[in-house]
Amino acid sequence: MQDYEVIVAGLGAMGSATLYQLARMGISALGLDRFSPPHELGSSHGDSRITRLAIGEGKHLTRFARRSQELWRQMEQDCGQPLLTQCGALMISSDLSRAQVHGASFFATTLEAASHHRVAHTMLDATAIRSRFPQFCVQDQEYGYYEPEAGFVRPEACVRAQLTLAERLGAHVQRSEPLLGFEPDGAGVRVITERRSYRARRLVLATGAWIPELLGASFAPAFRVTRQVLTWFAVAENPDLFTPERCPVYIWQLPEGRRMLYGFPALDGPSGGVKIATEQDERTTTADSVRREVEQRESDEFFRDYVRQNLRYLSAHCLKAKSCLYTQTADFGFIVDTHPSCPEVLIVSACSGHGFKHSAALGEVFSRWGITGRLPESFTVFGLGRF
Ligand SMILES: Cc1cc2nc3c(=O)[nH]c(=O)nc-3n(C[C@H](O)[C@H](O)[C@H](O)COP(=O)(O)OP(=O)(O)OC[C@H]3O[C@@H](n4cnc5c(N)ncnc54)[C@H](O)[C@@H]3O)c2cc1C
């Protein structure tokens, strides 16, 4: 049995950020993952994640997004890789919009958060959107919120950087070693994996879409795992309009009650296409049984129903497509709480389709919990009790 101060199980966005922060503080820490992150089987892949500061899912989240941007900038210096691109974000809506974006009041809460946290932004009417961003076919009644400090982060590069830096600072990382269970052990916790047992003062459980199975049936109602599809379409004309200098990330609350649409500029040149997606939360799945491949039919239908009429200059040719997993809660929030029968275990499920932008900062908070066993008072908003 090997002893550590803190063990982090699951080294995706949340776990790798936590392990990195523990290592920065010189805490003896072990990170375990069932695969070899970054990988394409969880929730932290697909080249890009939107980051924005005025958070439409709740203004209490802005400080994590802001702090994460600072941490990624520091990490870029330490690892020599680009992680964050602040190309701006455009949120489009209208009084006719019925599409849900992580709840009913996304646009209004975005404006409230921007004003509360003094996030720089500009409001644009349809004419201004057309003249500044002609790639978007907005309708007359639509309007936009433009935030210049927003943009995208590169999820695989962030996970890789955090793990590389953590190991460089002395953390141990065990890849391809799934955690099978845990139990209270004196003043700490015994962690059982496929290969051996470890003892730690505390365990951070950040196993993403695998968390419901690990926690057991009584926790299952708190989580919904859903399959999401990401598609990259070729740029047919005006490639300059899709570079990060000319194209913001965007979230579009479409009219006529359809789903939302979101997308990115061409990250590394127009030849790689532009990533565009929507969300679905009607059908659930599990991390082990999900259909991972994306059929041609799915990308064809998405182009026909969502892309063609809303974005100019793109071709129906889908260059690549991937599936990815959301772990959602009923209120589109996060779960961060101690395990009710094992208080030395922190349950971390910060997804609901919007967690990445907060992950570097949340890792700081989880690492402090690993040392002190205490969460900030304000974290009651993430409590399990609300379900
Ligand atoms: C399609 C899609 C689009 C998204 N878009 C955005 C966006 O634009 N902006 C944004 O902010 N957020 C976005 N999100 C949400 C964000 O990506 C997630 O909040 C974040 O990736 C969740 O990270 P995680 O660490 O909880 O999970 P993961 O990154 O999946 O990590 C979980 C890890 O646990 C490991 N694991 C599982 N079981 C075990 C076990 N038994 N033992 C050891 N290890 C285990 C897995 O191998 C995995 O590496 C999006 C998510 C998806 C899927």
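**β13 and its partners**

I started with the pairing of β13 and β17 in this predicted model. The two strands run antiparallel and share 11 bridges. β17 covers residues 314–328.

Next I asked which other strand β13 is joined to by four bridges. I found β16, residues 274–277, and this pairing is antiparallel too. Here F233 stands opposite V274 in β16. I noted the background: strands of a sheet pair through backbone hydrogen bonds, either parallel or antiparallel.

Is β13 largely enclosed or left open by the rest of the structure? I checked burial along residues 224–235. Of the 12 residues, 10 are buried, so the strand is largely enclosed by the rest of the structure. The cut-off I used for buried is under 20% relative accessible area.

**A three-stranded sheet**

I then turned to the open sheet with the order β3-β8-β4. Its pairing is antiparallel. Which strands stand at the edges? I found β3 (49–51) and β4 (84–85) there. Each has a single partner strand, so one side of each is left without a neighbour in the sheet.

I followed β4 to β8, residues 151–153. Two bridges hold this antiparallel pair. T85 stands opposite F152 in β8.

**The whole chain**

I counted secondary structure next: the protein chain has 19 strands and eight helices. Its radius of gyration is 21 Å, close to the 21 Å that the globule rule gives for 387 residues, so the chain is as compact as a globular protein of that length. Along the principal axes, the C-alpha atoms fill a box of roughly 65 × 45 × 40 Å.

How much of the chain counts as buried? I read 58% of the 387 residues. I also looked at contacts with a separation of 6 or more: 75% of them come from residues 24 or more positions apart.

Last, I checked charge. I find 42 positive and 43 negative side chains in the protein chain. The centres of the two sets lie 2 Å apart.

Key:
Residues are numbered from 1 along each chain as its sequence is written. This is a predicted model: local features need pLDDT of at least 70, side-chain atom pairs count only at pLDDT 80 or more; totals for chains, interfaces and linings use all residues. Side-chain values use heavy atoms; hydrogens and water are left out. Buried means under 20% relative accessible area, exposed over 50%, partly exposed in between (1.4 Å probe, protein chains only). Two strands pair if DSSP finds at least two bridges between them. The radius of gyration is taken over C-alpha atoms; the globule rule is 2.2 Å times the number of residues to the power 0.38. Contact means heavy atoms within 4.5 Å. Lys and Arg count as positive and Asp and Glu as negative; His and the chain ends are not counted. The place of a charge is taken as NZ of Lys, CZ of Arg, CG of Asp or CD of Glu.
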